[in-house]
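Below is a report on selected local features of one protein model. The sequence and structure come first.

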Amino acid sequence: METAPAKTLQKRQVLFLAILFLLWEAGSEEIRYSMPEETESGSFVANLAKDLGLRVGELATRGARIHYKGNKQLLQLDITTGNLLLYEKLDREVLCRATDPCILHFQLLLENPVQIIQADLQLTDINDHSPEFLEREMLLKIPESVQTGTVFPLKIAQDFDIGSNTVQNYTISPNSHFHVVTHHRGDGKKYPELVLDKALDREQQPELSLTLTALDGGAPPRSGATTVRIEVVDINDNAPEFLQSVYEVQIPENSPLNSLVVAVSARDLDAGTYGKVAYALFQGDEVTQPFVIDETTGEISLKRALDFEATRFYNVEIAATDGGGLSGKCTVAIEVVDVNDNAPELTMSRLISSIPENSPETVVAVFSVSDPDSGENERPLDREERAEYNITITVTDMGTPRLKTEHNITVLVSDVNDNAPAFTQTSYTLWVRENNSPALHIGSVSATDSDAGANAQVTYSLLPPPDPLLPLASLVSINPDNGHLFALTSLDYEALRAFEFRVGATDRGSPALSSQALVRVLVADANDNAPFVLYPLQNASAPCTELVPRAAEPGYLVTKVVAVDGDAGQNAWLSYQLLKATEPGLFGVWAHNGEVRTARLLSERDAPKQRLVVLVKDNGEPPLSASVTLHVLLVDGFSQPYLPPPEAEAAAAAPADPLTVYLVVALASVSSLFLFSVLVFVAVRLCRRGGAGSAGRCPVPEGHFPGHLVDVSGTGTLSQSYQYEVCLTGGTGTGEFKCLKPILPTFPLQDTVREIKENPTLRNSFLFN
């Protein structure tokens with residue numbers, strides 16, 4: 001019967017051999033084979049006896065066998081011939097996924113004497129998968145105003161093959177408007193972009209349907225296709241732009257579900273619905289992607305658990321689309337960080353099931369240990385991860401019974417400043433309505449520091465803006481203790497619609513660590529500008545008067561009121577209406593364009609001078625307005641003499657200076673008296689010269705003044721002499737003329753009349769019967 005010391009010695013020998021076996025494994029030989037995937041089971045891989053320089057049958061003598069990692073049998077060994085054969089058909093995409101090269105590790109174990117040979121089988125890819133688009137149809141909404149040469153991103157096709165057997169090129173069905181260009185992505189994949197060659201016209205062709213084909217590099221090549229449907233839309237001239245084209249982020253594989261990964265942000269310079277941005281996963285692969293994005297905020301969160309051992313990197317493409325269909329794209333590169341979530345795996349390969357006692361040193365088992373995690377088994381201490389360790393030391397003797405002693409040690413990890421402050425968001429967007437009161441609180445930024453004590457105390461500050469012309473210090477300020485932001489002055493949307501700056505968060509460690517975040521302030525418009533009339537001018541020295549022929553038809557364009565508004569959006573939408581009119585119903589104003597047109601036929605009863613007051617009003621809350629006065633003259637055709645404007649008449653009708661009135665009255669009196677004296681003198685002289693011969697021509701009744709002849713010589717404005725018979729009324733005492741008949745000279749009367757009509761002075765001085 002064996003004694004206890006003998007059994008203890010035997011166990012120590014077995015343990016020693018196992019340790020020796022592991023040391024042999026590290027320094028053993030290694031051979032590598034290669035063959036294509038999908039090769040039929042039973043196919044010849046290699047002759048191990050020949051490759052190892054062994055004789056035929058020596059493998060059987062030495063008890064050769066194949067050992068696989070994970071105890072999964074992939075190969076089989078014919079020990080009589082030394083041939084290594086495939087146990088089953090191998091699929092590279094199932095065994096290795098996207099890992100390249102795909103290498104399967106196995107070991108050849110020889111028992112007598114013990115020898116371990118490391119061997120690898122590399123599976124080469126064959127073109128056994130076709131490119132495949134995740135969506136059967138892509139929809140692009142493209143405005144007709146887009147310039148030629150504009151690029152539109154398209155979604156990629158997936159191909160599970162690798163190398164040249166994956167997607168190499170994209171083509172588009174022949175058309176006159178677009179061609180496709182293939183580009184290389186950062187992770188080696190290729191993606192297509194659609195380029196506009198010819199301008200679109202929605203009225204001619206509102207929709208196009210194209211076929212996008214993805215080709216791999218196999219021989220023969222495989223392909224996959226999808227439909228690209230293009231809708232032509234109107235006037236949205238600014239596409240969303242991301243603040244970064246590439247976002248890089250790391251996330252631990254044990255992150256809880258719904259945790260925030262990163263927030264992306266895009267901006268669109270358009271207004272209204274064209275300026276509202278919606279976020280989405282560009283590929284739309286909700287099945288394979290473990291992430292989801294909020295379409296409003298752009299926050300990407302985790303919807304499914306991560307596994308570092310399965311997938312270490314994700315390239316997520318995000319699309320931002322505005323209300324008009326234009327879109328921008330960015331890439332989020334997500335690196336999964338390994339955590340120690342896998343226990344070591346022990347793989348046993350039993351060589352001898354039983355062993356006789358008193359046996360010499362013998363190998364009884366071969367085992368291997370692996371851990372799917374990465375990195376070192378030991379890591380430096382991290383207080384933020386674990387601040388306290390409880391260590392128990394146990395000492396046990398080998399006596400019977402065994403006795404032991406335990407001792408507990410508590411280790412506290414002190415903090416060092418190894419963590420910079422981290423903002424809760426990489427960028428902040430704040431809205432401020434213009435005309436705000438100074439010192440208004442407009443928002444806050446927040447950062448946290450995972451250190452402790454003074455190393456975790458955060459101080460906020462404004463960083464110098466990249467634009468040296470931006471007076472940041474006079475626009476905003478920040479509270480250094482809590483990150484509150486204040487507007488220092490009243491902002492004006494018409495002068496400054498948006499501005500950006502960076503804020504810093506610095507801890508109080510030594511040395512101090514800091515981080516930055518972007519803050520974008522958007523000024524919202526208020527209705528603080530009334531409409532301004534450009535035409536007709538209201539301050540002109542000579543007001544503008546419009547002429548309208550009386551023969552104008554209803555709808556005749558008289559003029560157009562042109563106005564602008566300094567505000568934006570609906571605050572700048574203008575409407576026009578007729579506020580006052582000399583004759584209501586004669587004219588009308590179109591509400592949307594300010595055109596003044598006739599509303600009915602004009603008649604002779606319509607006053608020739610019309611005064612219109614047009615009101616221009618914006619769409620703000622409350623609305624602001626301006627008015628403009630129009631003067632319209634109704635004429636019988638445009639050849640009619642121009643009538644004086646109402647202002648001229650008003651000026652003429654205005655009361656004159658009293659001194660001017662006195663001078664005018666005195667001058668008129670003197671002139672009238674002088675003219676009357678001249679007429680009386682001429683009349684008396686003519687009557688004396690005529691004598692009795694005048695009685696037959698002009699009877700002279702009883703009265704104060706007998707009839708006389710008026711002789712007008714050619715010394716005045718007339719070129720010849722004229723003689724008139726003047727008859728005065730009798731019995732009235734007024735001295736009024738009753739008749740004025742010419743005594744014809746030897747030349748025709750028609751010449752005299754024509755000369756008087758052509759001479760303004762004569763025409764205004766004489767009265768004709």
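## Basis

The structure is a predicted model. Residue numbers start from 1 along each chain.

## The sheet β32-β36-β35

Strands β32, β36 and β35 make up an open sheet, in the order β32-β36-β35, with antiparallel pairing. The edge positions are taken by β32 (440-444) and β35 (476-478); each has a single partner strand, so one side of each has no neighbour in the sheet. From one strand to the next, the twist averages 30 degrees.

The contact between β35 and β36 (residues 484-487) is antiparallel and consists of three bridges. Within this pairing, S477 has F486 of β36 as its bridge partner.

## Strands around β23

Strand β23 (residues 299-302) pairs with β19 (residues 260-263) through three bridges in the antiparallel sense. Strand β22 (residues 291-293) also pairs with β23, again antiparallel and over three bridges. Which residue of β23 is the bridge partner of L260? That residue is S301, and S301 is the bridge partner of V292 as well.

The strands β22 and β23 form a hairpin, with five residues between them. In the turn, G298 has a positive phi of about 80 degrees.

## Two buried loop residues

Q283 lies in the loop between β21 (277-281) and β22. Is Q283 buried or exposed? Its relative accessible area is 13%, which is under the 20% limit, so Q283 counts as buried. Apart from neighbours within four places in sequence, Q283 is in contact with L134, E135, K155, I156 and E317. The C-alpha atoms of Q283 and L154 are 9.0 Å apart, while 129 residues separate the two in sequence.

R383 is located in the loop between β27 (365-370) and β28 (388-396). With a relative accessibility of 18%, R383 also falls under the 20% limit and is therefore buried. When neighbours within four places in sequence are set aside, the contacts of R383 are V413, S414, D415, S450, D451 and A452.

## Aromatic rings and charges

The model has six aromatic pairs. For one of them, F423 and Y428, the ring centres are 6.4 Å apart and the planes stand at 75 degrees; the angle is over 60 degrees, so the pair is edge-to-face. Both F423 and Y428 are buried. Together with Y460, F423 and Y428 form one aromatic cluster.

Charged ends also sit over rings. That of K329 is placed over the ring of F282, at 5.2 Å from the ring centre. That of R597 is over the ring of W590, 4.9 Å from the centre.

## Cysteines

How many disulfides are counted? The count is one. The disulfide joins C96 and C102, whose sulfur atoms are 1.9 Å apart. Its S-S torsion is about 65 degrees, so the disulfide is right-handed.

C96 has a relative accessible area of 11% and is buried. C102 is buried too, at 1% relative accessibility. A further cysteine, C330, has a relative accessible area of 1% and is likewise buried.

Methods. Predicted model: local features only at pLDDT ≥ 70, side-chain atom pairs only at ≥ 80, totals over all residues. Heavy atoms only, no water. Pairing = 2+ DSSP bridges. Helix = DSSP H or I, 4+ residues; strand = E, 2+ residues; numbered from the N terminus. Axes fitted to C-alpha atoms, helices over the stretch in contact; angles between N-to-C directions. Buried < 20%, exposed > 50% of the residue type's maximum accessible area, 1.4 Å probe, protein only. Contact = heavy atoms within 4.5 Å. Phe/Tyr/Trp six-rings, centres within 6.5 Å; stacked < 30°, edge-to-face > 60°. Lys NZ or Arg CZ within 6 Å of the ring centre and 35° of its normal. Disulfide = S-S within 2.5 Å.
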